[in-house]
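Let's take a walk through this structure together.

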Amino acid sequence: MFFFRVCLMALRSLWIHPLRSVLATLGVIIGVGAVVAAMAILEGMSARFASGFESMGSNKLFVTPNVRRRNNRLVGNFDSLKLDDATAIARSCNAVDTVMPQINSSVLIKFLSKNTTASLLGATQDYQKINSHFVKEGKFISRANVQSKASVAVLGAKIKRELFGGRPALDAKIKISGAGTLGTRTFTVIGVMEEKGNVAFTDVDRQVIVPVTTAMDRLYGLDSIQAIVAEAVSPSDADIEAAKTQIKRLLRRRHKIRAGQQDDFQVQAQKEFVKQFSQFTKILGIVLGSIAGISLVVGGIGIMNIMLVAVTERTREIGVRMAMGAQRSDVMNQFLIEASIVSFLGGALGVLMGWGLANIIERLTRVFETLTTGWSIAMALGMATLVGIVSGIYPAWKASRLDPVEALRYE
Amino acid sequence: MNRPLIQLSHLTKHYLMGTTVVRALDGVSLSIQEGEIVSITGQSGSGKSTLMHLLGCLDRPTQGEYWLDGELVSSMSDRQLAITRNQKIGFVFQTFNLIQRTSARDNVAVPLFYARKRGVRRAAMQALERVGLTHRASHTPAELSGGERQRVAIARAIVNEPKILFADEPTGNLDSRTGTQIMDIFHELHRSGVTVVLVTHETDVALQAKRIIRIRDGRIVDDRRVDDGLREEMATGGRSSLPERSPPLARPAEV
């Protein structure tokens, strides 16, 4: 009851100077807004990465040519991985379950008078299993298609819609061309994939999948592949490590790399990406957190400043309250509660601002998905209130130490 | 005789102003009985305000003892002083000292609030009723006339049913007619048993008490009952100051 009345009193005195109260809390509003927006972005990213990696499966390894960036130029062997390497891994590495060679590129697809760009994936019959992404109409690329370098294609859901709309796409002839291709090639649509959205930052619905051999020979004239995706027999660390070691040993022998020489390929487990990513989000969190922290400190200074002004301005009122029997602790509490209420309300405005900001960022960039959680709101409000209490302590203490006689005399 | 409500013995208050010691009160002894109405008078700088601050438990003496209602106030902690002010003392100031932008009723409720009492609203309204202002309960000080403000202040002073009421120049900021109305309220309160101490330099106001204590240079120079003789004496001696009687009594209030 007493507390409630003190709160009412505090609200009333804030209401008397609305502009001043808003200005005083500006720092807190911005600080809390920054915290909420930052957390929304981080949480959104984490959620997306987590689901992205989950959809990829956590027992995957990626084998790629060892290409590094040196003096702003890519150096290394781009064509060190061969189709046979994939076959060899599948045959002789017992820690590896499924292996799929792949080629990625971007192409232009034409059907009659309609054009669209798509990402081309040269893959094998194992794609569906490895990516848990399945064909919806028609059929997927078969082992026979891969062996015979068949000119067949499976379309992503969005590509199908763009080229065919509601009309059937199966058995249609599409033309594929693009930078680096030997020329325009005609493919027969044999299937349409189910809609899935993003899988690890690729929109699989904008993919066109062809046999990896066809992509190599007919489309690009390549004798190498861009990557090998291998699935370990289980997602356990031991199996993944074993798979990694086996692949490395095998490829070094196949590529005739002598002891002491550097690999011309690299093997990365997906778990390592996850680790790298969580490190990245941690750093981002620290950076955003310190920005938010600094603005909260500034906000705290703003509140302290305004509370000091309020104490000076209301010296006489404090004297009167003391004359009427207010304890020093009553005066202290009054100003402390006032400071925390200002700060809490600033925090509430900040939450709205941060939430709005996160949504705007999401709309504008279309890269970040944001997620404002109850936990981040509660934390932001808690921090705002804490800032209010901490920055209110000195002014409140000052008020409570006033001499009643002096305070009553104050003009 | 009953135990006096207020008993001061050799009360001294010294201030340090720069390097010089100011003797605001210099060994004041005095007693006031419950139910009295007393004026404390003197020119500005005489020490009457300091005396009122000490009597009102707003300050502690440098030396000497102050007993209020059987309790030794002069050695109380800040906390005990605050409780004493809240429970036993009511203040009325020259400048009203109401809290701005706060309704009359809420102003009156302030002492109840610090007493952590329940039924605040009703008690506040009852106090306003005693000063005849229930119809202005929801008005803020800015919407009230000077006389009304002082009546709110009086309601606030009596809301906790204090033993003693201190009024510091209560009519100083009011015209004479309103001043008379305010003085009537004090008489009314006095009749109902409240001890009233008026601190004033105005002769008219001082003479409305039954006893006048005159302070000069931090000492009591005169302390006597108000009778026709004194009234006459003061009427001829000038309006704004009391005549001096010599020799001044060293300890005028022997009880």
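**Starting from one pair of residues**

B:Asp168 has B:Val199, in strand S8 of chain B, as its bridge partner. This is a predicted model, where local features need pLDDT of at least 70, side-chain atom pairs count only at pLDDT 80 or more, and totals for chains, interfaces and linings use all residues. Residues are numbered from 1 along each chain as its sequence is written, while chains are lettered from A and ligands numbered from 1 in the order in which they are written.

Strands S7 (residues 164-168) and S8 (residues 195-200) of chain B run parallel and are joined by 5 bridges. (Strands here are DSSP runs of E, at least two residues, and helices are runs of H or I, at least four residues, numbered from the N terminus; two strands pair if DSSP finds at least two bridges between them.) Both belong to an open sheet of 6 strands in chain B, ordered S6-S7-S8-S3-S9-S10, with mixed pairing. S6 (89-92) and S10 (219-225) of chain B are at the edges with a single partner strand each, so one side of each has no neighbour in the sheet. From one strand to the next, the twist averages 15 degrees.

What lies across S6 and S7 of chain B? That's helix H5 (residues 146-158) of chain B, running at about 170 degrees to S6(B). Angles go from 0 to 180 degrees between N-to-C directions, and axes are lines fitted to C-alpha atoms, for helices over the stretch in contact.

The axes of H3 (residues 104-114) and H4 (residues 120-130) of chain B come within 9 Å and cross at roughly 115 degrees. Among the residues that meet there are B:Val108 and B:Leu112 in H3(B), and B:Ala124 and B:Leu128 in H4(B). (Being in contact means that C-beta atoms, placed from the backbone, lie within 7 Å.)

Stepping back, chain B has 8 helices and 10 strands. Its radius of gyration, taken over C-alpha atoms, is 18 Å, close to the 18 Å that the globule rule (2.2 Å times the number of residues to the power 0.38) gives for 255 residues, so chain B is as compact as a globular protein of that length. Its C-alpha atoms fill a box of roughly 55 × 45 × 45 Å, taken along the principal axes.

Finally, meet the neighbour: 17 residues of chain A are in contact with 19 residues of chain B. On chain A's side, the largest share, 6 residues, comes from H10(A).

Note on methods:
Two residues are in contact if their C-beta atoms, placed from the backbone, lie within 7 Å.
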